[in-house]
Amino acid sequence: MFHWLEQRPFFFAVMLFLTVAFAGFVEAIPDFAKASQPVVGKKPFTVLQLAGKQVYIKDSCNACHSQLIRPFKAETDRYGMYSLSGEYAYDRPFVWGSKRTGPDLHRVGNYRTTEWHENHMMDPAAVVPGSIMPKYPHMFTNLADIATAYANANTQKAVFGVPYDKKGMPKLGTWKEAKAQALADAKKIASEMKNQQVKDMVAAGKIPEIVALIAYLNSLK
Amino acid sequence: MQSNAQLEYDYSVVKLFTFTTILFGIIGMTIGVILAFQLAFPELSNLAGEYGTFSRLRPLHTNGVAFGFTLSGIFATWYYVGQRTLKMSLKESKFLMRVAKLHFWLYFITILLAVVTLISGYTTSKEYAELEWPLDLLVVVWWVLWGVAMFGMIGMRRERAIYVSIWYYMSSFLAIAMLYIFNNMEVPTFFWSGDAPSSLMHSISMYAGTNDALVQWWYGHNAVAFVFTAPIIGMIYYYLPKESGQPVFSYKLSVLAFWGLMFVYLWAGGHHLLYSTVPDWMQTMGSTMSVVLILPSWGSAINMLLTMKGEWQQLQTSPLIKFMILASTFYMLSTIEGPIQAIKSVNAIAHFTDWIPGHVHDGVLGWVGFMVIAGLYHMAPRIFKRELYSKKLMDTQFWLQTTGIVLYFTSMWIAGITQGMMWRAYDDYGSLLYSFIDTVEVLHPYYTLRGIGGLFYLIGFFMFAFNMYKTATSGRVLEREPEYASPMAS
Amino acid sequence: MSQETLMTFAGYGKFFLTLFIFIMFYGYAYSIYKRQRTGERDFEKYSNLVLNDSLDSAPLEPRYKKQNKND
């Protein structure tokens, strides 16, 4: 039978494909469907936070920082409560990372402030001597892509049924409303920052990347 | 289809892919060395503004060496090994020739676009699947073209039996097609942007959180399997017997190892997610299957080493055999190291540390890199019809690169285990002994050493590029195709 | 049907499917070594596909054969 197969490339390929696909098939069914139920009280990201997550991804922060606290005492002592599946229910894509060149960030919002991030992103080694993290001054001048963040949120709402605009959940509304809301959120963050240039930009209705990123990092709790 | 004496194998596509293998090898590895030194000397991260940071360059390195260097090598060797073991020539079919050429050009354009988009920050963040959706579509097109060329060539073969190398190439084609499509299921957000002026390039994943992680590492691990393992095994099953003139030690073993590898490999993805939030049984399964994976992996590796039985003196006389034997040795090393890291208690320490890149690199530098280099060296006298330019240079390259690899993985083993142990160290009063930055500072010497190892490897690669260039332009012209051992000038 | 029973069914299904593949694989392994020993089929000759791969050499097992039907 196998001899027969080895001389018939088409059926050979079919057999090969089934063998290779087997594991994925078994693993995905039926557990896949029931995973990712949000934990109680979990809210989707606001537009500004999503814009921040896009900055996080654009600069591949996940290349060096994980967002997954494993259930070991050494990790819960260092980073806080271990991660639960339901906490990631609105994370598209997931950003667990695979390497901790820097520390885990899954609950960084619990113990770092806006001001700390502001100084740290400008010059990490000035805040943490010995840090090998690159400086990110360009985040203070580049503008965050709020429009794409809105499209991002709207896609989540329309395609995946993420509960924006529901009672007690972040409001999305139209692009105009969302833009105004994002700017209001950004003003709150900017008021806690020292950098005059950033303050001026936000006052003029522009949102630099750093503000969005800090909004995102503060939301990680 | 009567064979006629004038008909020859066609190496034009092989030459094109050989060129990109070297080009993307240089780009990818140079960036790799820069990254290594950036970790040791962080000031280097800020030389080119936002385009020069470690984080921006890292996807460029991984994509460059995996999909630039290695895939080019796989395609180059496919169009060579494929034609020869099937006993058909691309010259026999205008259609397949066009498909193969188109395959090359679309591939080349995609990788160039990948460089531009990744450095500009367009990434999906999913490792080894960073390319955004328009590029993903392009990848699908040339992947299908490769499939058309592959099955077209198989359909035209004169040889009834299909050699095991071809099986491995086929598995690579099929598995990557499946994995790539499922992991890159993404929704372009542009189409739901209302009247917001949003970016056309942006997309979000079809899956959320834990599911996304599961699909990603099912892909991520097996992209390793079907880019860095299966086709490379296919290569060694051709090039080692051919170069040494020895038949494969046991063809039966190679067939069994093939089916074993095909069935087991896909299960092992779960070992990237140990102690995470994916279901427990998948983690255990991933861990167990990773250990089982030793069997088919070593089946192939041992088969290769035993192929040299009674002919070990060739190891002294031919640097090419040296490359290949060291490659299979490194394959054995990394396929025992991987399962060790996949054991849950070991993984608790090793995960998130530098031991993981260490493991990856003794696989890719030692096994993949050496095998692709050996394959290209073997093909050079056949495709250029010239003698290899310098044996001495090959020898120097071999030793330099081997030293580089050893420096690389030893420093990363130490760095990884040191850091893993420090993260979990407690003092007598039950509080954490080290702050995070302590565990970073301690790594400085190992990062430096790793950078030097990488630099050695890169210099060796430049020697390879030079040697290939000289072979193509000024090697002694050969009258007829060498049968087994590749001729090389001292 | 509840999620629980569904999972149980799936569990058994997976187990027996894996067992089936396991048996197939080792059956295959046994069969090729047996066929080699009894001389029914020589697997090792396929190594020559590599050693003998120039375009004008005779194929090991020609695909287009009119008269010689030996396997």
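Chain C has 2 helices and 0 strands, where helices (H or I, at least four residues) and strands (E, at least two) are DSSP runs numbered from the N terminus. Of the 71 residues in chain C, 8% are buried; a residue is buried if 20 or more other C-beta atoms lie within 10 Å of its own, exposed if 12 or fewer, and partly exposed in between, with C-beta atoms placed from the backbone. This is a predicted model, in which local features need pLDDT of at least 70 and side-chain atom pairs count only at pLDDT 80 or more, while totals for chains, interfaces and linings use all residues. Residues are numbered from 1 along each chain as its sequence is written, and chains are lettered from A and ligands numbered from 1 in the order in which they are written.

**C:Ser57**

- C:Ser57 lies in the segment that follows α2 (48-51) of chain C.
- C:Ser57 counts as exposed because it has 12 C-beta neighbours inside 10 Å.
- Between the C-alpha atoms of C:Ser57 and C:Ser31 there are 31 Å, and the two residues are 26 residues apart along the chain.

**Chain B against chain C**

- The contact involves 28 residues of chain B and 23 residues of chain C, two residues being in contact if their C-beta atoms, placed from the backbone, lie within 7 Å.
- On the chain B side, two or more residues each come from α2 (54-86), α6 (209-244) and α7 (251-265) of chain B.
- α7(B) provides the largest share of this side, 6 residues.
- By residue class, the side of chain B that touches chain C has 15 nonpolar, 4 polar and 9 charged residues; Ala, Val, Leu, Ile, Met, Phe, Trp, Tyr, Cys and Pro count as nonpolar, Asp, Glu, Lys and Arg as charged, and the others, Gly among them, as polar.

**Chain B against chain A**

- Here chain B contributes 70 residues and chain A contributes 71 residues.
- Elements of chain B that give two or more residues to the side touching chain A are α2, α4 (133-155), α5 (164-183), β2 (203-205), α6, α7 and α15 (436-441).
- The largest share of that side, 6 residues, is from α6(B).
- The side of chain B that touches chain A consists of 37 nonpolar, 23 polar and 10 charged residues.

**Domains**

- Domain bounds come from an automatic or database domain assignment.
- Chain A is assigned domain 1 (2-34) and domain 2 (47-219), with the C-alpha centres of these two domains of chain A 41 Å apart.
- Chain B is assigned domain 1 (1-162) and domain 2 (355-490), and the C-alpha centres of these two domains of chain B are 20 Å apart.
- Within chain B, 22 residues of domain 1 are in contact with 19 residues of domain 2.
- On the domain 1 side, α1 (12-40) and α2 of chain B each supply at least two residues, and α1(B) has the largest share, 15 residues.
- That side of domain 1 of chain B comprises 13 nonpolar, 8 polar and 1 charged residues.

**Nonpolar core**

- The largest nonpolar core has 232 residues; such a core is a set of buried Ala, Val, Leu, Ile, Met, Phe, Trp, Tyr and Cys residues joined through C-beta atoms within 7 Å.
- α6(B) gives the most to this core, 21 residues.
- The residues with the most contacts inside the core are A:Val211, B:Ile236, B:Met324, B:Ala327 and B:Met371.
- Leaving out residues up to four places away in sequence, B:Ala327 touches B:Ile236, B:Gly366, B:Trp367, B:Phe370, B:Met371 and B:Ala374.
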